[in-house]
Amino acid sequence: MPAGGVDLRRGLATTLTVLFSLALPALILVLVGRGGQWSVIGDMLDGEMVTQRDLDDADDFFLGTWVIFMLLTLAIAVVWAVWFRKLRLNAEVFAPGGHRFSTGWAAGAWFTPVVNLWFPKQIANDIWRASSPQGPAAANRGLLNAWWVTWIVAMVANGIGNIRYSALRNKVESDNYSPSLSEAKDDVESLHDILAFDMFAAVILMAAAVLALLLVRQITAMQEQRAALPPQVAPMGGPGYGAGGPSPYGVPPQGQPPYGTPQMPPPPPGQPGQQYPPYGHG
């Protein structure tokens, strides 16, 4: 770690890059597995011959790919939280006192229900502005916003698919389930639609994973460039970081005292540091 407390080691970023590189093909296999299930159910609806073995093979393939993907997802979640907290610690050095959440929230916000829908994005916004080598006003958050929107859409779509699937499964597995032929066909059609929706959610999740991989590389490069610049000093009692000012990073113009320096009143006439007033004006 260089002097100043900025951690520029790339171990966590490299680990995330490797994990995302493995998760993407695993997610493609998940999509293929869902497609296989969707295809078998479609054959049933079209009146083609489908055996129990066909159904079991499709389910087994999907389950195997899903287990692999979930293990990779668990590893990504742990490493991501540690890496994101490291970014927040570095950003505190770049913009001390200019962040809305503590370093603990940088890791914990991802695992806290409800607030994980917006707290991590606000923390990421502060990190992004503090890490911008061109200054907070020039920080282009296009990649950051695209990743977050895609991630939220993927999570919402996946949640909707899980709720619909669980509701249908509870209905079919209930003790009083004795549908007519038309009702059974409607349930199979509902399952077919749910599988198609899950395929859509998987495609969105792949896009989010690609953007996350680009984000890891981008923010790592930004912090390395920012670390080569002088640290900024946040104003005490003034507007929050990123609120704008006469110079980037909240550093006062040359020749003025640093922000937060107490302004002492001038000493009275006759005291050291103050010349006596002209004769007859004292």
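Helices α4 and α5 are roughly antiparallel to each other, a label for angles over 145 degrees. Helices here are DSSP runs of H or I with at least four residues, numbered from the N terminus. Helix α4 covers residues 119-131 and α5 covers residues 142-172; the two pack at about 165 degrees, with axes 11 Å apart. Each axis is a line fitted to C-alpha atoms over the stretch in contact, and angles run from 0 to 180 degrees between N-to-C directions.

Please note that this is a predicted model, in which local features need pLDDT of at least 70, side-chain atom pairs count only at pLDDT 80 or more, and totals for chains, interfaces and linings use all residues. Residues are numbered from 1 along each chain as its sequence is written, and side-chain values use heavy atoms, leaving out hydrogens and water.

Which residues in α4 meet α5? They are Pro120, Lys121, Ala124, Asn125 and Trp128, and their partners in α5 are Leu144, Asn145 and Trp148. Contact means heavy atoms within 4.5 Å.

Let us turn to Asn125, which lies in helix α4. Is Asn125 buried or exposed? Asn125 is buried, at 9% relative accessible area; buried means under 20% and exposed over 50%, with a 1.4 Å probe and protein chains only. Leaving aside neighbours within four places in sequence, Asn125 touches Arg100, Arg141 and Leu144.

Finally, consider Val114, in the loop between α3 (103-108) and α4. Val114 counts as exposed, with 55% relative accessibility. Most residues other than glycine have a negative phi. Val114, although not a glycine, has a positive phi of about 75 degrees.

Key
Angles under 35 degrees count as roughly parallel, over 145 as roughly antiparallel, 65 to 115 as roughly perpendicular and the rest as oblique.
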